[in-house]
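Visitor: Hello! Could you walk me through this molecule, one question at a time?

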Amino acid sequence: MTLLHLSFYAAFTLSTLGLAFHRTHLISALLCLESMMLSMYVALSMWPIQTQTPAPTLLPILMLTFSACEAGTGLALLVASTRTHGSDHLHNLNLLQC
């Protein structure tokens, strides 16, 4: 395993652990999701270089598009929950209450 692969795996793993263990604020969960998407984007961008594929792939651009849509949706949910509940704490968001 090269150092490049190890750094991608470490970034993705640290983002997943951050998402699993630091679930107090919605903004921290969104940042962890964005870092996961960023590490996947960089890995997919470097994949044709590592395999020496001559044609560039469309998959990194598609991944970046979905990441931007996910970020916009997450920020809209953050603003909506802050306006209705007064804070972005995740323990205030109870799905059992209507």
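Visitor: Leaving aside its neighbours within four places in sequence, which residues is Ser39 in contact with?
Guide: Good place to start, and do keep in mind that this is a predicted model. Ser39 lies in helix H2. Once neighbours within four places in sequence are set aside, the contacts of Ser39 are Phe8, Ala11 and Phe12.

Visitor: How many Å apart in space are Met40 and Phe8, C-alpha to C-alpha?
Guide: Along the sequence, 32 residues separate Met40 and Phe8. In space, the C-alpha to C-alpha distance between Met40 and Phe8 is 7.6 Å.

Visitor: Are H1 and H2 roughly parallel or roughly antiparallel?
Guide: Helix H1 covers residues 3–21, and its axis is 8 Å from that of H2. The two pack at an angle of about 160 degrees. Angles over 145 degrees count as roughly antiparallel, so H1 and H2 are roughly antiparallel.

Visitor: How do the residues of the contact of H1 with H2 divide into nonpolar, polar and charged?
Guide: On the H1 side, the contact includes Phe8, Ala11 and Phe12. On the H2 side, Cys32, Ser39 and Met40 are among the residues taking part. Sorted by kind, the contact of H1 with H2 has 13 nonpolar, seven polar and no charged.

Visitor: How are H2 and H3 arranged, roughly parallel or roughly antiparallel?
Guide: Helix H2 spans residues 26–51 and helix H3 spans residues 59–85. Their axes come within 10 Å and cross at roughly 175 degrees. That angle is over 145 degrees, so H2 and H3 are roughly antiparallel.

Visitor: How many disulfides does the structure hold?
Guide: Let's look at two cysteines: Cys32 is buried, with a relative accessible area of 14%, while Cys69 is partly exposed at 48%. A disulfide needs a pair of cysteine sulfur atoms within 2.5 Å. The number of disulfides in this structure is zero.

Terms used: Residues numbered from 1 in each chain as written. Predicted model: local features only at pLDDT ≥ 70, side-chain atom pairs only at ≥ 80, totals over all residues. Heavy atoms only, no water. Buried < 20%, exposed > 50% of the residue type's maximum accessible area, 1.4 Å probe, protein only. Axes fitted to C-alpha atoms, helices over the stretch in contact; angles between N-to-C directions. Helix = DSSP H or I, 4+ residues; strand = E, 2+ residues; numbered from the N terminus. Parallel < 35°, antiparallel > 145°, perpendicular 65-115°, else oblique. Contact = heavy atoms within 4.5 Å. Nonpolar A, V, L, I, M, F, W, Y, C, P; charged D, E, K, R; others polar.
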